[in-house]
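What follows is a guided reading of one model, residue by residue and element by element. Keep the sequence and the coordinates open while reading.

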Amino acid sequence: MVDIVMADYRNPMHARAVVDLLDAYACDPAGGGSPLSADVIAELPKALAARPQAFSVLAYDGEQPVGLINCIEGFSTFACKPLVNVHDVVVLASHRGQRVTQRMLARVEDEARSRGACKLTLEVLSGNQSALRAYEREGFANYQLDPAFGSAMFLQKKL
C-alpha cells in the first residue's frame, strides 16, 4: 500500500525524499538527463520551506519514497483567484503503472481547493505520452480561450 502525504520540508526524511526523487527525475531523459547540482541538493528543502506558496506531495511504499509532486501557487488574473502549478511529477520506475500519480494528484487537488484555487496547471513534454495520458485521465486538457487562437504554448527564457 502506497501512502500519500504532504511534505514537511523541515522534516529531514521528507527533505531527503524531495531531493532524492527530484534528482532521480533530473537524471532521467524525460527530466533532462543530468543530476541536480550540489547547490540545489543542499539548498532546495530550505528554499521551498521559505516559500509559503510552495508545497509538495510525497508517495511512500512503506519507508521508501516512490513519488513526488512539487507545486507552486500562482494567481489567475482572469479569475482573481489563486491557481496551483504542478511543477514536477516523479514516480520511480518500480511504481509506474500503479496509479501513484493519480493518488498524488488527488492530494494536490485537495490542497489547491483548500487554498481557494480556481485551477491546476502543468506542463508536459509532447513526447511523454504515458504522462500525457495520465494527466488527461485526471481531467487535464490543452488550454485555450478561443479555439481560433489555438492552444497555449509553454515558453521559457533562461536568466
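The model is a predicted one, in which local features need pLDDT of at least 70 and side-chain atom pairs count only at pLDDT 80 or more, while totals for chains, interfaces and linings use all residues. Residues are numbered from 1 along each chain as its sequence is written, and side-chain values use heavy atoms, with hydrogens and water left out.

Ser56 belongs to strand E2, residues 54-61. Helices (H or I, at least four residues) and strands (E, at least two) are DSSP runs, numbered from the N terminus. Not counting residues up to four places away in sequence, Ser56 touches Val5, Met6, Ala7 and Tyr9, and also Leu68, Ile69 and Asn70; contact here means heavy atoms within 4.5 Å. With Asn70 there is also a polar contact, side chain to side chain, at 2.5 Å. A polar contact is a pair of N or O atoms within 3.5 Å; within protein, one must be able to donate a hydrogen and the other to accept it, and residues adjacent in sequence count only if both atoms are side-chain atoms.

The C-alpha atom of Ser56 lies 9.6 Å from that of His14, a residue 42 places away along the chain. His14 sits in helix H1, which covers residues 12-27. His14 counts as buried because its relative accessibility is 14%. Apart from neighbours within four places in sequence, the contacts of His14 are Val5, Met6, Ala7, Asp8, Leu58 and Tyr60. For Asp8, the side chain of His14 reaches the backbone nitrogen at 2.9 Å.

Helix H1 can next be followed to its partner helix. How do the axes of H1 and helix H2 cross? The axes of H1 and H2 (residues 38-49) come within 9 Å and cross at roughly 125°; axes are lines fitted to C-alpha atoms, for helices over the stretch in contact, and angles run from 0 to 180 degrees between N-to-C directions. The two helices, H1 and H2, are therefore oblique to each other, since angles under 35 degrees count as roughly parallel, over 145 as roughly antiparallel, 65 to 115 as roughly perpendicular and the rest as oblique. The crossing of H1 with H2 is right-handed: a crossing is left-handed if the near helix is turned anticlockwise from the far one by less than a right angle, and right-handed if clockwise. On the H1 side the contact is made by Ala15, Arg16, Val18, Val19 and Leu22, and on the H2 side by Ile41, Leu44, Pro45 and Leu48. By class, 8 residues of this contact are nonpolar, none is polar and 1 is charged. In this scheme Ala, Val, Leu, Ile, Met, Phe, Trp, Tyr, Cys and Pro count as nonpolar, Asp, Glu, Lys and Arg as charged, and the others, Gly among them, as polar.

Leaving aside neighbours within four places in sequence, Glu111 is in contact with Met6 and Phe55. Glu111 lies in H3, residues 100-114, and is buried because its relative accessible area is 15%. The side chains of Glu111 and Arg115 are joined by a polar contact of 2.8 Å.

The loops come next. Arg99, in the loop between E4 and H3, has a positive phi of about 65° although it is not a glycine. At 42% relative accessibility, Arg99 counts as partly exposed. Cys80 lies in the loop between strands E3 (64-76) and E4 (81-91); its phi is also positive, about 55°, and it is not a glycine. With a relative accessible area of 57%, Cys80 is exposed.

Cys118 occupies the loop between H3 and strand E5 (120-122) and is partly exposed at a relative accessible area of 34%. Cys118 and Pro82 are 36 residues apart in sequence, yet 6.3 Å apart from C-alpha to C-alpha. Pro82 is among the residues that Cys118 touches, together with Ser76, Ala79 and Lys81, when residues up to four places away in sequence are not counted.

Note on methods: Buried means under 20% relative accessible area, exposed over 50%, partly exposed in between (1.4 Å probe, protein chains only).
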